[in-house]
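Dear colleague,

Please find the structure that I promised to pass on to you placed just below. My notes on it follow.

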Amino acid sequence: MSEAILEVGGLSVDIATPRGALHAVRDISFSVKSGETLCLVGESGCGKSMTSLAIMDLLPKAATRTARRLAFAGEDLGKASRKRVNTLRGDRMAMIFQEPMTALNPAYTIGNQLVEAYRQHRSASEAEARERAVYLLGKVGIASAAQRLGQYPHQLSGGLRQRVMIAMALMCGPDLLIADEPTTALDVTIQAQILRLLADLQRELGIAMVLITHDLGIVARIADRVAVMYAGQIVEEGPTASLFANPRHPYTQGLIDCIPVPGRTVPGGKLGVIPGVVPSLIGEIRGCSFRDRCSHARDICAATVPVKETEDGHQWRCILENAV
Amino acid sequence: MTTLLEARDLTRSFEVSQGMFKARRKLHAVNGISLDIRKGEVLGIVGESGCGKSTLARMLLGLLPPTEGGITLDGTDIRTLGRKGMARRVQPVFQDPYSSLNPRRTVASIVALPLEVHGIGTAAERRKQALEILDKVGLPQRFADRYPRELSGGQRQRVAIARALVMNPEVVVCDEPTSALDVSVQSQILNLLMDLRRELGLTYVFISHNLAVVEHIATRVAVMYLGRVVELAETETLFRTPRHPYTKALLASVLTPEPGQGIPETGLGLAFPDPLNPPPGCPFHPRCPARMPHCSTTVPRLLQLGRDAVACHLHDPGQSIPSTQ
């Protein structure tokens with residue numbers, strides 16, 4: 001077993017709102033080893049993107065981060081200075097965002113944007129940096145890479161832009177890659193290509209990857225381990241095969257039942273639904289946050305919910321042993 | 001089954017600016033599409049962004065006049081029906097429930113607006129009718145006097161559906177109706193659309209990029225590529241035995257939640273469809289793993305195969321190929 005690259009222990013993010021503190025992320029813990037892919041999955045507002053921003057120290061001003069432990073390659077990020085975090089970010093920790101058109105600067109060529117961070121972190125010459133950029137653009141499958149360096153983001157298609165984003169994230173050879181919905185804005189055919197590319201590169205370079213998505217199809221195909229988030233908490237976490245074959249938390253089961261699967265769900269038949277809406281995360285939250293929508297809910301769910309665990313590291317936050 | 005809406009050789013082009021000093025170029029968003037939409041069916045339309053799905057939807061709704069070709073509803077040219085006449089029988093549900101509802105009107109008045117526009121009933125009658133249809137889409141009375149901002153995405157989409165149904169239309173054109181929603185809400189909306197279809201005998205045109213959703217809800221599917229229909233078939237046939245290489249690639253790209261299968265290789269390469277610069281011959285040939293020499297010179301015709309149709313040289317060896325000289 002290799003060393004954990006990223007350790008997150010008791011991470012919380014609170015956002016100040018006029019109506020009080022909104023607990024966007026509530027006491028979550030996980031770790032990722034090199035060469036491993038962890039998927040954070042959940043619906044909008046569950047705190048998955050806030051988690052990624054908290055790790056990268058890129059939270060908006062109104063948000064505050066607290067954590068028992070937040071360590072990168074053994075180094076405590078909670079205690080690290082701003083300067084130190086800036087040194088790590090973009091160099092050893094990199095991030096890919098959802099919308100490549102807004103993440104790239106339209107006023108600079110992609111060549112300029114690719115070499116910027118590399119020159120900053122490695123104090124390399126322009127020529128060295130461009131050489132590295134051409135190498136990586138080739139690696140992410142972009143033909144005639146040298147000519148592409150002079151192009152602007154608007155001259156590229158969405159799929160190519162996302163490839164540029166990936167190349168940019170890999171410029172300094174990071175140990176940790178956080179990808180926040182990297183293919184949500186893309187067509188299905190391009191999505192498959194980009195995910196395959198990410199998975200291949202991740203395996204080849206032995207990077208630890210945290211992939212954030214709402215799409216269980218992506219999770220099933222790419223993740224080694226999955227953490228399901230609901231209302232700011234991780235409600236279930238486990239090895240991918242075990243989590244899909246035997247979901248323990250009613251919310252995970254509900255999500256799986258919602259999606260039509262060709263060949264498995266009956267065409268035109270009823271799809272599963274999760275009744276109700278996500279609870280407000282403002283103010284004090286007690287007990288299981290899913291209990292209002294859960295068909296298994298009992299009185300004791302309003303008290304503190306136990307976290308259960310099996311031998312293969314499958315954990316869930318529920319009074320039940322099994323969701324079915 | 002009788003044909004309700006019929007499109008013949010539908011073409012729509014736009015003049016696109018290329019920059020300040022460059023000549024404007026023609027973009028053929030929809031390029032010679034013929035389709036018939038039969039009473040009671042759910043016609044799914046799939047394709048990548050820029051393939052002309054939404055342009056086709058706007059023309060079927062009568063919101064956008066075609067450059068060439070025409071549309072008939074029950075045999076009547078829709079131009080003679082006029083905008084209001086068309087709106088009585090064909091209604092839209094759009095993708096984004098955040099921008100398709102007027103933020104300054106209450107839910108009940110949003111839903112009653114079509115009745116108001118057509119001058120149907122008194123204000124009290126219209127409100128009663130709006131409340132009935134809201135109830136049908138799963139929004140109880142207490143929502144009637146709320147504003148869109150007080151509703152969740154799924155509730156807003158229910159309002160949009162209620163507004164589309166208040167006129168008792170025959171056809172509802174749904175343009176990506178669940179794409180902006182979370183999966184747990186998506187399944188609720190899909191269930192609702194299926195229930196309403198059964199109850200009210202509706203016909204749907206269902207546009208989506210999500211093939212799993214289309215497989216679930218559609219009875220027939222048209223696959224579009226760069227403004228053309230490249231394959232048209234019953235849903236089961238299309239998903240079991242796709243004929244066009246593009247349909248095959250699309251189906252292969254669907255990531256079902258089945259662990260251990262890995263990520264598929266689509267074999268499509270790096271080329272991407274650019275509607276401003278469509279390739280000569282078959283529009284799909286630069287990405288096609290099965291392309292032949294004449295694919296880059298001759299546009300394949302849409303060949304009828306029983307009830308299905310496909311536009312691909314692989315399936316049409318009989319099409320005459322002009323010799324290249």
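A crossing of two helices is called left-handed if the near helix is turned anticlockwise from the far one by less than a right angle, and right-handed if clockwise; helices here are DSSP runs of H or I with at least four residues, numbered from the N terminus. This is a predicted model, in which local features need pLDDT of at least 70 and side-chain atom pairs count only at pLDDT 80 or more, while totals for chains, interfaces and linings use all residues. Residues are numbered from 1 along each chain as its sequence is written, chains are lettered from A in the order in which they are written, and side-chain values use heavy atoms, with hydrogens and water left out.

With that in mind, H5(A) passes H7(A) in a right-handed crossing. Their axes (lines fitted to C-alpha atoms over the stretch in contact, with angles from 0 to 180 degrees between N-to-C directions) come within 9 Å and cross at roughly 130 degrees. That angle makes H5(A) oblique to H7(A), since angles under 35 degrees count as roughly parallel, over 145 as roughly antiparallel, 65 to 115 as roughly perpendicular and the rest as oblique. Arg132(A), Leu136(A) and Leu137(A) of H5(A) meet Val164(A), Ala167(A) and Leu170(A) of H7(A), where contact means heavy atoms within 4.5 Å.

H4(A), residues 110-122, also packs against H5(A), residues 126-139, at an angle of about 115 degrees, with the axes 9 Å apart, and H4(A) passes H5(A) in a right-handed crossing. On the H4(A) side, the residues in contact include Ile110(A) and Tyr118(A), and on the H5(A) side they include Ala129(A) and Leu137(A).

Best wishes

Note on methods
Helices (H or I, at least four residues) and strands (E, at least two) are DSSP runs, numbered from the N terminus.
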